[in-house]
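Here is a walk through one protein model, written for someone who would rather look at the fold than at a table of angles. Keep the structure open beside the text and follow along.

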Amino acid sequence: MGKNRNKSKCKGKSNKKRKTSVEQTLALNYVRDWAFPSSRGSGTAAYEEFLPSQALSFASSSAPLVFDLHSHSNHSDGFLSPSDLIERAYKRGVRVLALTDHDTMSGIPEAVKAASRFGIRIIPGVEISALFSPSDAIGASEVVHILAYYSPCGPSRHDELECLLSNIRDGRYIRAKNILDKLKKLKLPVKWERVAQIAGEGVAPGRLHIARAMVDAGHVENIKQAFNKYLYDDGPAYAVGSEPSAEKVVELIRNTGGISALAHPWSVKNPIVVISALSDAGLDALEVYRSDGKVPGFSELADTYGLVKIGGSDFHGKGQKDEAELGSVSLSVTTLYNFLKTSQPIWCNALKDMLLNFSDNPSDSSLEKIMRFAKLRDKSCDVLDACTSWLSDDEKKSMDLEGIRRKLSDHSFCI
Ligand SMILES: [Zn+2]
Ligand SMILES: [Zn+2]
(Lines give C-alpha, C1' and ligand atoms only; values in the text may rest on other atoms or scores of the structure.)
(Ligands and ions follow the chains in the order given, each with its own letter.)
Protein backbone atom coordinates (compact mmCIF):
# COMPACT_ATOMS: atom_id res chain seq x y z
CA MET A 1 0.00 0.00 0.00
CA GLY A 2 2.75 2.39 0.99
CA LYS A 3 4.75 1.41 -2.05
CA ASN A 4 2.10 2.59 -4.54
CA ARG A 5 1.65 5.88 -2.82
CA ASN A 6 5.39 6.50 -2.90
CA LYS A 7 5.51 5.59 -6.55
CA SER A 8 2.93 8.20 -7.56
CA LYS A 9 4.66 10.81 -5.40
CA CYS A 10 8.00 10.19 -7.06
CA LYS A 11 6.60 10.59 -10.56
CA GLY A 12 5.70 14.24 -10.06
CA LYS A 13 9.10 15.04 -8.67
CA SER A 14 11.21 13.02 -11.09
CA ASN A 15 12.88 16.07 -12.73
CA LYS A 16 13.69 17.65 -9.44
CA LYS A 17 14.93 14.33 -8.16
CA ARG A 18 17.17 13.82 -11.17
CA LYS A 19 18.62 17.31 -10.74
CA THR A 20 19.26 16.62 -7.08
CA SER A 21 20.98 13.38 -7.83
CA VAL A 22 23.21 15.04 -10.48
CA GLU A 23 24.20 17.72 -7.97
CA GLN A 24 24.81 15.05 -5.36
CA THR A 25 27.01 13.07 -7.71
CA LEU A 26 29.06 16.16 -8.62
CA ALA A 27 29.45 17.01 -4.94
CA LEU A 28 30.42 13.43 -4.13
CA ASN A 29 33.04 13.38 -6.88
CA TYR A 30 34.47 16.71 -5.73
CA VAL A 31 34.73 15.64 -2.09
CA ARG A 32 36.12 12.20 -2.97
CA ASP A 33 38.69 13.76 -5.29
CA TRP A 34 39.70 16.17 -2.54
CA ALA A 35 39.88 13.55 0.19
CA PHE A 36 41.78 11.04 -1.97
CA PRO A 37 43.75 13.36 -4.27
CA SER A 38 46.11 10.73 -5.59
CA SER A 39 43.26 9.44 -7.72
CA ARG A 40 43.93 12.51 -9.88
CA GLY A 41 47.14 10.85 -10.89
CA SER A 42 49.56 13.30 -9.31
CA GLY A 43 52.62 11.67 -7.79
CA THR A 44 52.29 10.43 -4.25
CA ALA A 45 55.58 9.00 -3.11
CA ALA A 46 57.64 12.20 -3.13
CA TYR A 47 55.07 14.26 -1.25
CA GLU A 48 54.45 11.71 1.44
CA GLU A 49 53.41 14.15 4.12
CA PHE A 50 51.53 16.65 1.99
CA LEU A 51 49.23 13.95 0.74
CA PRO A 52 48.65 10.55 2.29
CA SER A 53 50.61 7.93 0.39
CA GLN A 54 48.00 5.21 0.79
CA ALA A 55 45.19 7.38 -0.50
CA LEU A 56 45.06 5.54 -3.80
CA SER A 57 43.87 2.35 -2.19
CA PHE A 58 40.97 4.17 -0.53
CA ALA A 59 40.12 6.03 -3.71
CA SER A 60 39.78 2.84 -5.69
CA SER A 61 37.59 1.29 -3.05
CA SER A 62 34.20 2.63 -2.11
CA ALA A 63 35.49 3.91 1.22
CA PRO A 64 32.95 6.09 3.01
CA LEU A 65 33.87 9.76 3.26
CA VAL A 66 34.15 10.18 6.99
CA PHE A 67 35.46 13.61 8.02
CA ASP A 68 35.96 14.76 11.61
CA LEU A 69 36.50 18.51 11.82
CA HIS A 70 37.11 18.90 15.57
CA SER A 71 39.54 16.92 17.75
CA HIS A 72 42.16 17.38 20.49
CA SER A 73 45.49 15.77 21.35
CA ASN A 74 47.76 15.98 24.39
CA HIS A 75 49.28 19.14 22.90
CA SER A 76 46.31 20.80 24.61
CA ASP A 77 43.85 19.01 26.88
CA GLY A 78 43.33 15.78 24.96
CA PHE A 79 44.56 12.49 26.41
CA LEU A 80 46.14 10.95 23.31
CA SER A 81 49.30 11.92 21.46
CA PRO A 82 48.71 13.08 17.88
CA SER A 83 50.00 9.70 16.60
CA ASP A 84 47.65 7.71 18.86
CA LEU A 85 44.78 10.01 17.92
CA ILE A 86 45.40 9.36 14.22
CA GLU A 87 45.56 5.61 14.76
CA ARG A 88 42.27 5.71 16.64
CA ALA A 89 40.70 7.90 13.94
CA TYR A 90 41.82 5.41 11.30
CA LYS A 91 40.30 2.50 13.23
CA ARG A 92 37.03 4.44 13.49
CA GLY A 93 36.93 4.91 9.72
CA VAL A 94 37.91 8.61 9.67
CA ARG A 95 39.64 9.54 6.42
CA VAL A 96 40.00 13.32 6.90
CA LEU A 97 40.75 14.71 10.36
CA ALA A 98 41.13 18.29 11.56
CA LEU A 99 43.37 18.46 14.62
CA THR A 100 42.11 21.53 16.48
CA ASP A 101 44.01 21.76 19.76
CA HIS A 102 43.32 24.71 22.05
CA ASP A 103 45.49 27.72 21.20
CA THR A 104 48.33 25.73 19.65
CA MET A 105 49.27 24.06 16.37
CA SER A 106 52.28 22.28 17.88
CA GLY A 107 50.72 18.83 17.41
CA ILE A 108 50.20 19.22 13.65
CA PRO A 109 53.63 18.02 12.37
CA GLU A 110 53.36 14.75 14.35
CA ALA A 111 49.73 14.33 13.23
CA VAL A 112 50.67 14.85 9.56
CA LYS A 113 53.51 12.36 9.82
CA ALA A 114 51.30 9.71 11.44
CA ALA A 115 48.44 10.41 9.03
CA SER A 116 50.63 9.79 6.01
CA ARG A 117 51.18 6.24 7.27
CA PHE A 118 47.46 5.56 7.58
CA GLY A 119 46.33 7.30 4.39
CA ILE A 120 44.43 9.94 6.35
CA ARG A 121 44.35 13.60 5.30
CA ILE A 122 44.96 16.16 8.03
CA ILE A 123 43.42 19.61 8.00
CA PRO A 124 45.73 21.74 10.18
CA GLY A 125 43.50 23.53 12.66
CA VAL A 126 43.39 25.29 16.01
CA GLU A 127 40.59 26.14 18.44
CA ILE A 128 41.20 29.69 19.64
CA SER A 129 39.85 31.01 22.95
CA ALA A 130 38.40 34.49 22.54
CA LEU A 131 36.39 36.96 24.54
CA PHE A 132 33.10 38.19 23.16
CA SER A 133 31.87 41.49 24.57
CA PRO A 134 28.48 42.78 23.39
CA SER A 135 28.89 46.15 21.65
CA ASP A 136 25.91 47.69 23.44
CA ALA A 137 27.39 46.66 26.81
CA ILE A 138 24.08 44.95 27.63
CA GLY A 139 24.74 41.41 28.76
CA ALA A 140 27.96 39.95 30.11
CA SER A 141 31.15 39.21 28.19
CA GLU A 142 31.85 35.54 27.63
CA VAL A 143 34.61 33.28 26.39
CA VAL A 144 33.86 31.65 23.03
CA HIS A 145 35.87 29.13 21.02
CA ILE A 146 36.65 29.85 17.39
CA LEU A 147 37.95 27.10 15.14
CA ALA A 148 40.43 27.94 12.39
CA TYR A 149 41.17 25.63 9.46
CA TYR A 150 44.24 26.01 7.22
CA SER A 151 45.70 24.45 4.09
CA PRO A 152 48.36 21.69 4.32
CA CYS A 153 50.98 24.49 4.21
CA GLY A 154 49.46 26.19 7.26
CA PRO A 155 48.85 29.86 8.03
CA SER A 156 50.26 32.36 5.54
CA ARG A 157 51.38 34.75 8.28
CA HIS A 158 52.34 32.21 10.87
CA ASP A 159 54.27 34.61 13.12
CA GLU A 160 51.23 36.83 13.54
CA LEU A 161 49.02 33.88 14.48
CA GLU A 162 51.67 32.40 16.78
CA CYS A 163 52.05 35.73 18.60
CA LEU A 164 48.31 35.76 19.34
CA LEU A 165 48.30 32.09 20.41
CA SER A 166 51.34 32.40 22.68
CA ASN A 167 49.72 35.34 24.48
CA ILE A 168 46.62 33.22 25.11
CA ARG A 169 48.77 30.31 26.33
CA ASP A 170 50.67 32.61 28.73
CA GLY A 171 47.29 33.79 30.04
CA ARG A 172 46.33 30.16 30.68
CA TYR A 173 49.14 29.74 33.25
CA ILE A 174 47.92 32.78 35.18
CA ARG A 175 44.34 31.61 34.89
CA ALA A 176 45.21 28.10 36.16
CA LYS A 177 46.99 29.62 39.18
CA ASN A 178 43.92 31.78 39.88
CA ILE A 179 41.68 28.69 39.73
CA LEU A 180 43.97 26.87 42.18
CA ASP A 181 43.79 29.88 44.55
CA LYS A 182 39.99 29.69 44.44
CA LEU A 183 40.04 25.94 45.05
CA LYS A 184 42.34 26.49 48.05
CA LYS A 185 39.83 28.96 49.49
CA LEU A 186 37.12 26.33 48.96
CA LYS A 187 39.28 23.92 51.03
CA LEU A 188 39.99 21.83 47.94
CA PRO A 189 43.76 22.27 47.58
CA VAL A 190 45.38 21.04 44.38
CA LYS A 191 49.15 21.12 43.86
CA TRP A 192 50.43 23.23 40.96
CA GLU A 193 53.14 20.63 40.28
CA ARG A 194 50.49 17.94 39.78
CA VAL A 195 48.52 20.09 37.30
CA ALA A 196 51.72 20.88 35.38
CA GLN A 197 52.63 17.19 35.38
CA ILE A 198 49.20 16.18 34.02
CA ALA A 199 49.32 18.88 31.33
CA GLY A 200 52.77 17.70 30.27
CA GLU A 201 55.89 19.62 29.42
CA GLY A 202 55.26 22.82 27.52
CA VAL A 203 51.47 22.35 27.46
CA ALA A 204 49.46 25.33 28.73
CA PRO A 205 47.21 24.04 31.55
CA GLY A 206 43.44 24.11 31.11
CA ARG A 207 40.41 23.32 33.23
CA LEU A 208 40.44 19.68 32.13
CA HIS A 209 43.96 19.22 33.56
CA ILE A 210 42.87 20.82 36.85
CA ALA A 211 39.77 18.59 36.93
CA ARG A 212 42.02 15.53 36.59
CA ALA A 213 44.19 16.78 39.45
CA MET A 214 41.02 17.24 41.55
CA VAL A 215 40.04 13.61 40.88
CA ASP A 216 43.56 12.49 41.84
CA ALA A 217 43.37 14.48 45.09
CA GLY A 218 40.04 12.81 45.92
CA HIS A 219 38.05 16.05 45.94
CA VAL A 220 35.62 14.79 43.31
CA GLU A 221 34.69 11.39 41.89
CA ASN A 222 35.25 12.25 38.25
CA ILE A 223 35.99 15.02 35.75
CA LYS A 224 32.33 15.68 35.11
CA GLN A 225 31.68 16.33 38.78
CA ALA A 226 34.67 18.72 38.95
CA PHE A 227 33.12 20.78 36.17
CA ASN A 228 29.53 20.54 37.36
CA LYS A 229 30.35 21.60 40.91
CA TYR A 230 33.34 23.95 40.67
CA LEU A 231 34.89 24.65 37.27
CA TYR A 232 31.91 25.52 35.06
CA ASP A 233 31.75 29.02 33.50
CA ASP A 234 31.28 31.52 36.33
CA GLY A 235 31.35 28.63 38.82
CA PRO A 236 32.92 28.94 42.31
CA ALA A 237 36.43 28.09 41.06
CA TYR A 238 36.18 29.69 37.60
CA ALA A 239 38.68 32.28 36.41
CA VAL A 240 39.07 34.06 33.10
CA GLY A 241 42.28 34.09 31.05
CA SER A 242 43.62 36.81 28.78
CA GLU A 243 41.76 36.10 25.58
CA PRO A 244 41.75 38.46 22.60
CA SER A 245 38.45 39.82 21.30
CA ALA A 246 36.41 37.36 19.23
CA GLU A 247 36.12 39.79 16.32
CA LYS A 248 39.90 40.22 16.27
CA VAL A 249 40.37 36.44 16.18
CA VAL A 250 37.95 36.04 13.25
CA GLU A 251 39.77 38.78 11.32
CA LEU A 252 43.18 37.31 12.10
CA ILE A 253 42.11 33.87 10.90
CA ARG A 254 41.04 35.37 7.56
CA ASN A 255 44.23 37.47 7.30
CA THR A 256 46.38 34.39 7.87
CA GLY A 257 44.63 32.33 5.20
CA GLY A 258 42.27 30.28 7.32
CA ILE A 259 38.54 29.78 7.52
CA SER A 260 36.80 30.42 10.82
CA ALA A 261 33.94 28.65 12.58
CA LEU A 262 32.21 29.26 15.88
CA ALA A 263 32.58 26.08 17.95
CA HIS A 264 29.71 24.50 19.94
CA PRO A 265 27.33 27.53 19.77
CA TRP A 266 24.91 25.61 22.02
CA SER A 267 27.22 26.34 24.95
CA VAL A 268 27.26 30.07 24.20
CA LYS A 269 25.01 32.16 26.45
CA ASN A 270 23.76 34.62 23.81
CA PRO A 271 24.22 32.74 20.54
CA ILE A 272 22.20 35.10 18.33
CA VAL A 273 24.11 38.20 19.49
CA VAL A 274 27.47 36.42 19.15
CA ILE A 275 26.73 34.86 15.75
CA SER A 276 25.38 38.12 14.35
CA ALA A 277 28.42 40.17 15.51
CA LEU A 278 30.96 37.57 14.39
CA SER A 279 29.26 37.23 10.98
CA ASP A 280 29.77 40.98 10.54
CA ALA A 281 33.44 40.44 11.42
CA GLY A 282 33.76 37.80 8.66
CA LEU A 283 32.94 34.47 10.35
CA ASP A 284 32.71 31.70 7.72
CA ALA A 285 31.08 28.74 9.43
CA LEU A 286 29.09 27.49 12.40
CA GLU A 287 29.16 24.13 14.17
CA VAL A 288 25.66 22.76 13.77
CA TYR A 289 26.02 18.98 13.74
CA ARG A 290 26.83 16.81 16.74
CA SER A 291 27.02 13.07 17.27
CA ASP A 292 23.46 13.17 18.63
CA GLY A 293 22.24 15.04 15.54
CA LYS A 294 21.34 18.65 15.00
CA VAL A 295 20.65 21.00 17.87
CA PRO A 296 17.39 22.81 17.08
CA GLY A 297 17.77 26.38 15.89
CA PHE A 298 21.43 26.50 14.88
CA SER A 299 20.95 25.27 11.33
CA GLU A 300 18.41 28.08 10.83
CA LEU A 301 20.85 30.60 12.35
CA ALA A 302 23.56 29.44 9.94
CA ASP A 303 21.09 29.98 7.05
CA THR A 304 20.12 33.42 8.33
CA TYR A 305 23.72 34.62 8.48
CA GLY A 306 24.95 32.74 5.40
CA LEU A 307 27.36 30.54 7.36
CA VAL A 308 28.66 27.16 6.25
CA LYS A 309 27.28 24.40 8.47
CA ILE A 310 29.86 22.02 9.90
CA GLY A 311 30.37 19.70 12.86
CA GLY A 312 32.91 17.49 14.59
CA SER A 313 33.22 15.17 17.56
CA ASP A 314 35.38 17.50 19.77
CA PHE A 315 37.02 14.25 20.85
CA HIS A 316 39.44 14.51 23.79
CA GLY A 317 39.93 10.83 24.61
CA LYS A 318 38.65 11.28 28.16
CA GLY A 319 37.54 7.68 28.33
CA GLN A 320 34.05 8.63 29.47
CA LYS A 321 31.12 6.59 28.24
CA ASP A 322 29.19 9.64 27.08
CA GLU A 323 32.04 11.16 25.06
CA ALA A 324 31.40 11.47 21.32
CA GLU A 325 33.78 9.16 19.45
CA LEU A 326 36.03 10.25 16.57
CA GLY A 327 34.05 10.15 13.33
CA SER A 328 30.72 9.88 15.13
CA VAL A 329 29.30 13.12 13.69
CA SER A 330 27.67 12.31 10.43
CA LEU A 331 28.34 14.99 7.81
CA SER A 332 26.52 14.79 4.48
CA VAL A 333 28.35 15.05 1.18
CA THR A 334 26.66 18.44 0.63
CA THR A 335 28.02 19.67 3.98
CA LEU A 336 31.55 18.56 3.11
CA TYR A 337 31.25 20.02 -0.38
CA ASN A 338 30.16 23.42 0.97
CA PHE A 339 32.98 23.40 3.53
CA LEU A 340 35.65 22.57 0.95
CA LYS A 341 34.27 24.93 -1.70
CA THR A 342 34.49 27.78 0.83
CA SER A 343 37.92 26.78 2.14
CA GLN A 344 39.82 25.90 -0.99
CA PRO A 345 39.96 29.42 -2.60
CA ILE A 346 41.03 30.93 0.74
CA TRP A 347 43.72 28.27 1.21
CA CYS A 348 44.82 28.65 -2.41
CA ASN A 349 45.30 32.43 -2.00
CA ALA A 350 47.20 31.89 1.25
CA LEU A 351 49.59 29.47 -0.46
CA LYS A 352 50.07 31.91 -3.32
CA ASP A 353 51.06 34.62 -0.81
CA MET A 354 53.51 32.24 0.84
CA LEU A 355 55.06 31.20 -2.46
CA LEU A 356 55.38 34.82 -3.64
CA ASN A 357 57.11 35.74 -0.39
CA PHE A 358 59.34 32.72 -0.79
CA SER A 359 60.26 33.65 -4.38
CA ASP A 360 61.09 37.21 -3.25
CA ASN A 361 63.23 35.88 -0.44
CA PRO A 362 64.29 32.35 -1.37
CA SER A 363 66.14 31.47 1.81
CA ASP A 364 66.11 28.24 3.77
CA SER A 365 64.27 30.00 6.60
CA SER A 366 61.46 31.20 4.33
CA LEU A 367 61.24 27.69 2.84
CA GLU A 368 60.85 26.26 6.31
CA LYS A 369 57.72 28.38 6.74
CA ILE A 370 56.02 26.63 3.85
CA MET A 371 57.32 23.26 5.04
CA ARG A 372 56.23 23.86 8.62
CA PHE A 373 53.72 21.01 8.75
CA ALA A 374 55.05 18.59 6.16
CA LYS A 375 58.34 17.22 4.95
CA LEU A 376 59.45 16.09 1.55
CA ARG A 377 60.46 12.45 1.54
CA ASP A 378 62.43 12.54 -1.64
CA LYS A 379 65.31 15.01 -1.60
CA SER A 380 65.23 15.48 -5.32
CA CYS A 381 61.59 16.47 -5.54
CA ASP A 382 60.44 19.89 -6.56
CA VAL A 383 59.30 22.18 -3.75
CA LEU A 384 56.66 23.90 -5.86
CA ASP A 385 55.21 20.60 -7.05
CA ALA A 386 55.05 19.31 -3.50
CA CYS A 387 53.48 22.46 -2.02
CA THR A 388 50.81 22.54 -4.69
CA SER A 389 50.14 18.80 -4.85
CA TRP A 390 46.83 19.29 -3.00
CA LEU A 391 45.47 21.70 -5.63
CA SER A 392 43.42 20.85 -8.70
CA ASP A 393 44.84 21.63 -12.13
CA ASP A 394 42.52 24.64 -12.46
CA GLU A 395 43.65 25.98 -9.10
CA LYS A 396 47.29 25.55 -10.10
CA LYS A 397 46.64 27.45 -13.34
CA SER A 398 45.12 30.36 -11.42
CA MET A 399 48.29 30.74 -9.32
CA ASP A 400 50.79 31.71 -12.05
CA LEU A 401 53.16 29.04 -10.83
CA GLU A 402 55.40 29.52 -13.85
CA GLY A 403 56.16 33.09 -12.76
CA ILE A 404 57.12 31.84 -9.31
CA ARG A 405 59.09 28.96 -10.81
CA ARG A 406 61.07 31.38 -13.02
CA LYS A 407 61.96 33.52 -10.01
CA LEU A 408 63.17 30.45 -8.18
CA SER A 409 65.02 28.92 -11.12
CA ASP A 410 68.45 30.03 -9.90
CA HIS A 411 67.97 28.39 -6.56
CA SER A 412 67.95 24.78 -5.64
CA PHE A 413 66.01 23.98 -2.50
CA CYS A 414 65.68 20.62 -0.95
CA ILE A 415 65.28 19.53 2.59
ZN1 LIG B 1 35.70 24.29 22.68
ZN1 LIG C 1 37.28 21.51 21.18
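Two residues are in contact here if their C-beta atoms, placed from the backbone, lie within 7 Å. Helices (H or I, at least four residues) and strands (E, at least two) are DSSP runs, numbered from the N terminus. A residue is buried if 20 or more other C-beta atoms lie within 10 Å of its own, exposed if 12 or fewer, and partly exposed in between, again with C-beta atoms placed from the backbone.

A word on the bookkeeping. This is a predicted model, in which local features need pLDDT of at least 70 and side-chain atom pairs count only at pLDDT 80 or more, while totals for chains, interfaces and linings use all residues. Residues are numbered from 1 along each chain as its sequence is written, and chains are lettered from A and ligands numbered from 1 in the order in which they are written.

**The chain as a whole**

The chain holds 17 helices and eight strands. It has 415 residues, and 43% of them count as buried. Take the contacts between residues at least 6 apart in sequence: 69% of those join residues at least 24 apart.

**Helix α5 and its cover**

Helix α5 spans residues 108-118, and its buried residues are I108, A111, V112, A114, A115 and S116. What covers them? The cover includes α4 (82-91), β2 (96-99) and β3 (121-132). Just past the end of α5, G119 has a positive phi of about 75°.

Strands count as paired if DSSP finds at least two bridges between them. The pairings around these two strands go like this:

| Pair | Sense | Bridges | One facing pair |
|---|---|---|---|
| β4 (residues 142-149) and β5 | antiparallel | four | I146 and L262 |
| β5 (residues 259-262) and β6 | parallel | two | A261 and A285 |
| β6 and β8 (residues 308-311) | parallel | four | E287 and I310 |
| β6 and β7 (residues 293-294) | antiparallel | two | R290 and G293 |

L262 also stands opposite L286 in β6. Going from β6 to β7, the chain makes a hairpin through two residues.

How does the chain get from β5 to β6? It goes by way of helix α11 (residues 271-281), and the three elements make a right-handed β-α-β unit. Right-handed means that, with the strands pointing away from the viewer, the path from the first strand over the helix to the second runs clockwise.

**Helices α8 and α9**

Helix α8 (residues 207-216) packs against helix α9 (residues 223-231) at an angle of about 110°, with the axes 9 Å apart. Axes are lines fitted to C-alpha atoms, for helices over the stretch in contact, and angles run from 0 to 180 degrees between N-to-C directions. That angle makes α8 roughly perpendicular to α9, since angles of 65 to 115 degrees count as roughly perpendicular, under 35 as roughly parallel, over 145 as roughly antiparallel and the rest as oblique. On the α8 side the contact uses R207, L208, I210, A211, R212, M214 and V215, and on the α9 side I223, A226, F227 and L231. By class, that contact has nine nonpolar, no polar and two charged residues. Ala, Val, Leu, Ile, Met, Phe, Trp, Tyr, Cys and Pro count as nonpolar, Asp, Glu, Lys and Arg as charged, and the others, Gly among them, as polar.

**Two loop residues with positive phi**

Most residues other than glycine have a negative phi. D234 has a positive one, near 65°, and lies in the loop between α9 and α10 (246-255). Is D234 buried or exposed? D234 counts as exposed because it has 9 C-beta neighbours inside 10 Å. H264, not a glycine either, has a positive phi of about 25° and is found in the loop between β5 and α11. With 18 other C-beta atoms within 10 Å, H264 is partly exposed.

**F358 in helix α13**

Last stop: F358 lies in helix α13 (residues 333-360). It has 22 C-beta neighbours inside 10 Å, so F358 counts as buried. Leaving out residues up to four places away in sequence, F358 touches S366, L367 and I370. F358 and K407 are 49 residues apart in sequence, yet 9.6 Å apart in space, C-alpha to C-alpha.
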